[in-house]
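The sequence and coordinates come next, and the text follows them.

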Amino acid sequence: MPDTCAVIPVFNHERAVGGVVAGVRSAGLPCLLVDDGSSPACAAALDALAAADQEVSVLHLARNLGKGGAVAAGLREAATRGYTHALQIDADGQHDTADIPRFLNASRAAPEAVVCGSPVFDASIPRVRYYARYLTHALVWVNTLSLDVRDAMCGFRIYPVATLVTLLDEERPGERMDFDIAVLVRLHWRSVPMVWLDTRVGYPRDGVSHFRLGLDNLLISRMHALLFLGMLRRLPWILARRLRGAH
């Protein structure tokens, strides 16, 4: 049976992260909070959460690495602690922690797979973000030559830790908001199975977003270009795999 912990990247989300931790702990999972160079106030709030529950711990990063860098650091720490699987969930409260048991059941049924959230948005999502997601979906479908990846942007997932650490050792999927997308494309290239579960996603009115419109869009555009070149290099292999009936 998989031994799973939650990896939660945190950058100045001290107002929301307590509720996320409570939801994760209600599902019976230990929590690893990755402090991504947060303010002293946020770092203190994370330390207080850890002091109140022995199943909650904090990994303080010396500087801000970005979401992807924080998740990668958390996955490596989870591997060091002997966990076989890690639940990635955002610290801002947009993901529904009540769905964690469903994700865990799916992971236990297919421990070699990445269990991915397929978001069902409520009315709180900004319309520009809603429509912009479809551009990324289309580019991901091009870069995988398939429709297998239903949503590459939702950061609510369960990873097999050893599979991800191997990927991180061999490639550089991105350190910021490009990480979630690049990881799934590169896992698809490696024929890692994926299980998709619908999950409600909301955007809290007082939520803190660290998406930087200029820089992060530039990084994501660069990532899609690099993935396209990577797809072209792998094109013969991808086509051969499809002809063999693999997905």
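## Helix faces, an aromatic pair and a pocket

Phe156 has a relative accessible area of 0% and is buried (under 20%; exposed is over 50%, partly exposed in between, with a 1.4 Å probe and protein chains only). The model is predicted, so local features need pLDDT of at least 70 and side-chain atom pairs pLDDT 80 or more, while totals for chains, interfaces and linings use all residues. Residues are numbered from 1 along each chain as its sequence is written, and side-chain values use heavy atoms, without hydrogens and water.

Aromatic rings of Phe, Tyr and Trp (its six-membered ring) pair if their centres lie within 6.5 Å; planes under 30 degrees apart count as stacked, over 60 as edge-to-face and the rest as tilted. The count by this rule is 1 aromatic pair. Its members are Phe103 and Phe156, stacked because the ring centres are 4.3 Å apart and the planes at 10°. Phe103 belongs to helix 4 and Phe156 to the loop between helix 5 (127-144) and strand 6, so the pair ties together parts 53 residues apart in sequence. Phe103 is also buried, at 0% relative accessibility.

Helices (H or I, at least four residues) and strands (E, at least two) are DSSP runs, numbered from the N terminus.

| Helix | Buried residues |
|---|---|
| Helix 4 (residues 100-109) | Ile100, Phe103, Leu104, Ala106, Ser107 |
| Helix 6 (residues 161-170) | Val161, Leu164, Val165, Leu167, Leu168 |

The buried residues of helix 4 fall within an arc of 160° seen down the axis, so they line one face; the arc is that of the directions from the helix axis to the C-beta atoms. They pack against elements including strand 1 (4-10), helix 1 (17-26) and strand 5 (114-121), where contact means heavy atoms within 4.5 Å. Those of helix 6 cover an arc of only 160°, which puts them on the same side of the helix. Ala162, Asp169 and Glu170, on the other side of helix 6, are exposed. The cover over the buried residues of helix 6 includes helix 3 (67-80) and helix 7 (179-189).

Phe228, in helix 8 (residues 213-243), is partly exposed at 36% relative accessible area. Beyond its neighbours within four places in sequence, Phe228 contacts Val142 and Asn143.

Helix 3, helix 7 and helix 8 each supply at least two lining residues of the second largest pocket.
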